[in-house]
Amino acid sequence: MAYDRNNIFARILRGEIPCQKVYEDAHVLAFNDIRPQAPVHVLVIPKGEYVSFDDFAAQAPAAEQAAFVAAVGKVARQLGVAENGYRILANHEKDAGQEVPHFHVHIFGGKRLGRMLPRE
Ligand code: AMP
């Protein structure tokens, strides 16, 4: 899938749409999810143009991948959920229900998160 430069996270990165920023560095932006599903629900996105995890894993230079992983850990610690625990999740494509076609990792925390997947 080609990258859509008008997707909502691209617009957030360009400052065209506001976000509740929790972290930013040269490679990464993190902000609160607009429809939180846990007391802590933050999205971490790379600044580069990657459609999904699959695209990021296949195409991003190793330094960008390393910076992203380090930033996810740093954000979780900054949010105060590293001690009690948190869950990270990335939806790729239709079967996972990916809504926004810019790679993002969800960080959920702040409560017992229950089953990894809902029962059918
Ligand atoms: P996914 O289904 O993994 O693609 O998740 C997309 C997430 O983006 C959802 O949890 C939405 O609530 C969230 N979202 C959509 N628009 C915005 C926005 N403008 N600011 C923050 N989060 C958003």
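Analyst: What follows is a set of questions and answers on this model, which is predicted.

User: What makes H102 buried or exposed?

Analyst: Buried means under 20% relative accessible area. H102 has a relative accessibility of 0%, so H102 counts as buried. The residue sits in the loop between helix 4 (93–96) and strand 5 (105–109).

User: Which residues is H102 in contact with, leaving aside its neighbours within four places in sequence?

Analyst: Contact means heavy atoms within 4.5 Å. By that rule, and with those neighbours left aside, H102 touches Y3, N7, F9, L13, I45, P46, G48, Y50 and V51.

User: Where is Q98, and why is Q98 called buried with a relative accessible area of 19%?

Analyst: Q98 is also in the loop between helix 4 and strand 5. The cut-off for buried is under 20%, and the value for Q98 is 19%, so Q98 is buried.

User: How do you know what the side chain of Q98 reaches?

Analyst: A polar contact is a pair of N or O atoms within 3.5 Å. The side chain of Q98 comes to 2.9 Å from the backbone nitrogen of E93, and to 2.9 Å from the backbone oxygen of V100. Neighbours within four places in sequence aside, Q98 is in contact with V51, S52, N91, H92, E93 and H104.

User: What is A66 called: buried, partly exposed or exposed?

Analyst: Partly exposed covers values between the two limits, 20% and 50%. A66 has a relative accessible area of 48%, so A66 is partly exposed. A66 belongs to helix 3.

User: What does helix 3 lie across?

Analyst: Helix 3 (residues 62–79) lies across strand 1, strand 2, strand 3, strand 4 and strand 5. The helix runs at about 155 degrees to strand 3.

User: In what order do the five strands form the sheet, and which are the edge strands?

Analyst: The five strands form an open sheet in the order 1-2-3-5-4, with antiparallel pairing. Strand 1 and strand 4 (86–89) are the edge strands, since each pairs on one side only. From one strand to the next, the twist averages 20 degrees.

User: How do you know that strand 1 and strand 2 pair?

Analyst: Two strands pair if there are at least two bridges between them. Strand 1 (residues 21–24) and strand 2 have three bridges, in the antiparallel sense. At one place E24 stands opposite L29 in strand 2. A hairpin of three residues joins strand 1 to strand 2.

User: How many bridges does strand 3 have with strand 2, and how many with strand 5?

Analyst: Strand 2 and strand 3 (residues 40–46) pair over five bridges in the antiparallel sense. Strand 3 and strand 5 likewise pair over five antiparallel bridges. V42 illustrates both pairings: N32 has V42 as its bridge partner in strand 3, and V42 has I107 as its bridge partner in strand 5.

User: Why is strand 3 called largely enclosed by the rest of the structure?

Analyst: Seven of its seven residues are buried, so strand 3 is largely enclosed. In a regular strand the side chains alternate between the two faces of the sheet. Both faces of strand 3 are covered, with V40, V42, V44 and P46 buried on one side and H41, L43 and I45 buried on the other. Strand 2 (residues 28–32) is largely enclosed as well, because four of its five residues are buried.

Note on methods: Residues are numbered from 1 along each chain as its sequence is written. This is a predicted model: local features need pLDDT of at least 70, side-chain atom pairs count only at pLDDT 80 or more; totals for chains, interfaces and linings use all residues. Side-chain values use heavy atoms; hydrogens and water are left out. Helices (H or I, at least four residues) and strands (E, at least two) are DSSP runs, numbered from the N terminus. Buried means under 20% relative accessible area, exposed over 50%, partly exposed in between (1.4 Å probe, protein chains only). Axes are lines fitted to C-alpha atoms, for helices over the stretch in contact, and angles run from 0 to 180 degrees between N-to-C directions. A polar contact is a pair of N or O atoms within 3.5 Å; within protein, one must be able to donate a hydrogen and the other to accept it, and residues adjacent in sequence count only if both atoms are side-chain atoms.
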